[in-house]
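Keep the sequence and the structure side by side while reading.

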Amino acid sequence: MAAVHDHDVGHAHDHHPSGMMRWMMTTNHKDIGSMYLWFSFIMFLTGGVMALTIRAELFQPGIQIVQPEFFNQLTTMHGLVMVFGAIMPAFVGFANWQIPMMIGAPDMAFARMNNWSFWLLPPAALLLTASFFVPGGAPAGGWTIYPPLSVQMGMGMDMAIFALHIMGASSIMGSINIITTILNMRAPGMTLMKMPLFVWTWLITAYLLVMVMPVLAGAVTMLLTDRNFGTNFFNAAGGGDPVMFQHIFWFFGHPEVYIMILPAFGIVSEIIPTFARKPLFGYSSMVYATASIAILSCIVWAHHMFTAGMPVTGQLFFMYATMLIAIPTGVKVFNWTATMWRGSMTFETPMLFAIGFIFLFTVGGFSGVICAIVPIDIQVQDTYYVIAHFHYVLVSGALFGIFGGAYYWLPKWTGHMYDETLGKWHFWLSMFFFNLTFFVQHFLGLAGMPRRIPDYALQFADFNMISSIGAFGFGFTQLLFLYVVLKCIRGGVKAPASPWEGAKTLEWTLPSPAPYHSFETPPVVR
């Protein structure tokens, strides 16, 4: 029997697809992880070009470069592309690469479904971006696609709705795969409370995704039928309620914000112990804090709706529930700080991004607490203050987490060390230009500048000019990251077995070494 099996395996290996078909048909979690990461980077550059067009228009008052209608399409599409095309697929790419290796599994649980959940994304991205080129243009009601605006737009809106459906299906399949892999395929001896923190954050994130993605699907399906089939879910003239859309959308949308940040928490929790050369402080409290954040994220959605006509009791509940999230988030920040405290720290690029993440994410967290206070929120609602707040969370938060993770695991992925000097340049330039872009937007918002407008009063001119200069600096800095990654893939110093000294003791948390498997060749069944 063994001989026959060996022969079959050898025979199967002769017929590996090559070229493009290797990528189309691959079920290898590393290949699929790489495809997710490249896809997300392409979408990141696409959304970045939209952002730079927005900032070019806002460089001076008046209408210079694009028409107001196109400007609104850009703000809407920039949000949709960055959230669904850049940030989420990047974290799924990390999950695909790292989770099987971290828990000692040969691959993901559903390898072919894994392939499918990736290959749904490129057609969805094409559908979304192609909406610019149809009559009426891309959706222009903001990334939250509120009716009645989204009911009145052209067919670009329908294309965006279908694109969101497809991306949602991809997310749900990816999440089911991650949950099954983590719960069923851990190495012997690896209990849940011995898993690396990155695995924990993704397990919790995957549960959130499975819960809220169908809610988004419901909201956009009702929008689709309102637009095309004469239903009146959100049409006030027909007895519907436009505010109901906001409730359904934000019941998805607020947990979505945490879906985009929890994996970054996991990455930072891997990086900091390595470069502080100390085990993570308060491991179990980190797990419970992550779970608490996920649970609380489901009961705070209406803080996005304080100005939509809510009873005061509703405002009070959502205000206090929102402020409560600051507690588990604070636990995480203090634990990261305590991990670094009196450690033998070195400041390689991943550590710089992790520390930058903690500092700037905390700024975003504080402005979030400020936005949670109802009377203040009523003042700053729909101003640039809100833009500044969530870019501090999603750029210096999620994106810096992605950069830190990429530098941290590049030696493992490629077998080569990246160029440390260029990595540090990437960090410091990103840090400087990010703050130049978004810090001044707090002042614009407090002074009353509304968001999603192509023109503005003269009093806002100086800060807008500073913000636009920062945005172009930040955008072009990301090409340096692309260069560093490509240079690392093509060659360079060979990475040692433990590229980060001190990582050796923390990499594997099993009581004894795991049994040796080479997962490059299928195991022989005897």
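Lys487 and Asp419 form a salt bridge, with 2.7 Å between the closest N and O atoms. Lys487 sits in helix H19, and Asp419 sits in the loop between H17 and H18, so the pair ties together parts 68 residues apart in sequence. Lys487 is partly exposed, at a relative accessible area of 35%. Asp419 is also partly exposed, because its relative accessibility is 22% and the buried class ends under 20%.

**Salt bridges**

How many salt bridges does the count come to? The count is 4. Three of these pairs are set out here.

| Pair | N to O distance |
|---|---|
| Arg22 and Asp31 | 2.5 Å |
| Asp382 and Arg451 | 2.7 Å |
| Lys487 and Asp419 | 2.7 Å |

Asp382 and Arg451 link distant parts of the chain, 69 residues apart. Asp382 is in the loop between helix H16 (374-380) and helix H17 (384-414). Arg451 is in the loop between helix H18 (420-446) and helix H19 (461-490). Arg451 has 18% relative accessibility and counts as buried.

Arg22 is partly exposed at 34% relative accessibility. Asp31 is buried at 13%.

**Around Val484**

Val484 is another residue of helix H19. Val484 is buried, with a relative accessible area of 0%. Which residues does Val484 contact, leaving aside its neighbours within four places in sequence? They are Tyr407, Tyr418, Asp419, Leu422 and Gly423. Val484 and Ala236 are 248 residues apart in sequence, and their C-alpha atoms are 53 Å apart in space.

**The buried side of H6**

Helix H6 covers residues 121-130. Its buried residues are Leu121, Ala124, Ala125, Leu128 and Thr129. Why do they lie on the same side of H6? They cover an arc of only 125° around the axis, which puts them on one side of the helix. An α-helix has 3.6 residues a turn, so residues three or four places apart point the same way. The cover over the buried residues of H6 includes helix H3 (29-57), helix H4 (68-103), helix H5 (111-119) and helix H8 (155-184).

**Backbone details**

The loop between H6 and helix H7 (149-152) holds Pro148. The peptide bond from Pro147 to Pro148 is cis, with omega near 5°. Ile145 is found in the loop between H6 and H7 as well. Ile145 is not a glycine, yet its phi is positive, about 40°. At 3% relative accessibility, Ile145 is buried.

Arg277 also has a positive phi, near 55°, and is a residue other than glycine. Its place is the loop between helix H11 (262-276) and helix H12 (283-296). Arg277 is partly exposed, with a relative accessible area of 28%.

**A nonpolar surface patch**

Which residues form the nonpolar patch on the surface? They are Leu183, Leu192, Met193, Tyr207 and Tyr288. Together they have about 470 Å² of accessible area. Tyr207 lies in helix H9 (residues 197-228). Tyr207 is partly exposed, at 45% relative accessibility.

**Confidence**

The chain averages a pLDDT of 92, and 92% of the residues score at least 70. Among the elements of the chain, H3 has the highest mean pLDDT, at 98. Helix H20 (residues 504-507) has the lowest, at 43. Two stretches deserve a separate word. Over residues 1-12 the pLDDT is below 50, and this stretch has 7 contacts in the model beyond near neighbours in sequence. Over residues 503-519 the pLDDT is also below 50, and there the contacts beyond near neighbours in sequence come to 24. Where pLDDT is low, the predicted coordinates should not be read in detail.

Terms used
Residues are numbered from 1 along each chain as its sequence is written. This is a predicted model: local features need pLDDT of at least 70, side-chain atom pairs count only at pLDDT 80 or more; totals for chains, interfaces and linings use all residues. Side-chain values use heavy atoms; hydrogens and water are left out. A salt bridge is a side-chain nitrogen of Lys or Arg within 4 Å of a carboxyl oxygen of Asp or Glu. Buried means under 20% relative accessible area, exposed over 50%, partly exposed in between (1.4 Å probe, protein chains only). Helices (H or I, at least four residues) and strands (E, at least two) are DSSP runs, numbered from the N terminus. Patches are made of residues with over 30% relative accessible area and no salt bridge: like charges are joined within 9 Å, nonpolar side chains (Val, Leu, Ile, Met, Phe, Trp, Tyr) within 5 Å. Accessible areas come from the Shrake-Rupley method with a 1.4 Å probe; for residues, only the protein chains shown count as cover. The arc is that of the directions from the helix axis to the C-beta atoms. Contact means heavy atoms within 4.5 Å. pLDDT is the predictor's confidence in each residue, from 0 to 100.
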